[in-house]
Amino acid sequence: QVQLVESGGGLVQAGGSLRLSCTASGNFGTILVSGWHRQAPGNRRELVASISSNGRTNYADSVKGRFTISRDNAKNTVYLHMNSLKREDAAVYYCFATTVRVGVPYDSWGQGTQVTVSS
């Protein structure tokens, strides 16, 4: 099982920056992919960014050029650097990690962290 703990959310003015972190713990093998989804009130949950075990990254079109996902394997931590934040970025951000058990992939989720953007 994988336990994910998120941190880094908060209140920021439009145009500002935040860094989210997500640390994995527990007994697990390779994390195939990790990243963040987000959900704003009234909206469905959407994929924001992800990074695979081989370092391949993927971003939602709405955050390309502003957000950067990275990882520190030694710390079992993935980071989401969010720059030039917009009001539209305000949401609860949920870290996820996809692992494999008995050959079957499954997702684990963090507790969520609130990002609020003011203008």
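This is a predicted model: local features need pLDDT of at least 70, side-chain atom pairs count only at pLDDT 80 or more; totals for chains, interfaces and linings use all residues.
**Ser-50.** Leaving out residues up to four places away in sequence, I found contacts with Val-33, Ser-34, Gly-35, Arg-56, Thr-57, Asn-58, Ile-69 and Phe-96. I then checked which strand holds Ser-50. Ser-50 lies in strand S5, which covers residues 46–52. Is Ser-50 buried or exposed? I read a relative accessible area of 10% for Ser-50. The limit for buried is under 20%, so I noted Ser-50 as buried.

**Strand S9.** Next I went to strand S9, residues 91–101. I asked how many of its residues are buried.

**Partners of S9.** I looked up which strands pair with S9.

- Strand S4, residues 31–39, pairs with S9 in the antiparallel sense, and I noted eight bridges. Within this search I found Cys-95 in S9 as the bridge partner of Trp-36.
- Strand S10, residues 104–109, also runs antiparallel to S9, with six bridges joining the two. Here I found Val-100 opposite Pro-105 in S10.
- For strand S11, residues 113–118, I noted antiparallel pairing with S9 over three bridges. I took Ala-91 as an example, and its bridge partner in S11 is Val-115.

Methods:
Residues are numbered from 1 along each chain as its sequence is written. Side-chain values use heavy atoms; hydrogens and water are left out. Buried means under 20% relative accessible area, exposed over 50%, partly exposed in between (1.4 Å probe, protein chains only). Helices (H or I, at least four residues) and strands (E, at least two) are DSSP runs, numbered from the N terminus. Two strands pair if DSSP finds at least two bridges between them. Contact means heavy atoms within 4.5 Å.
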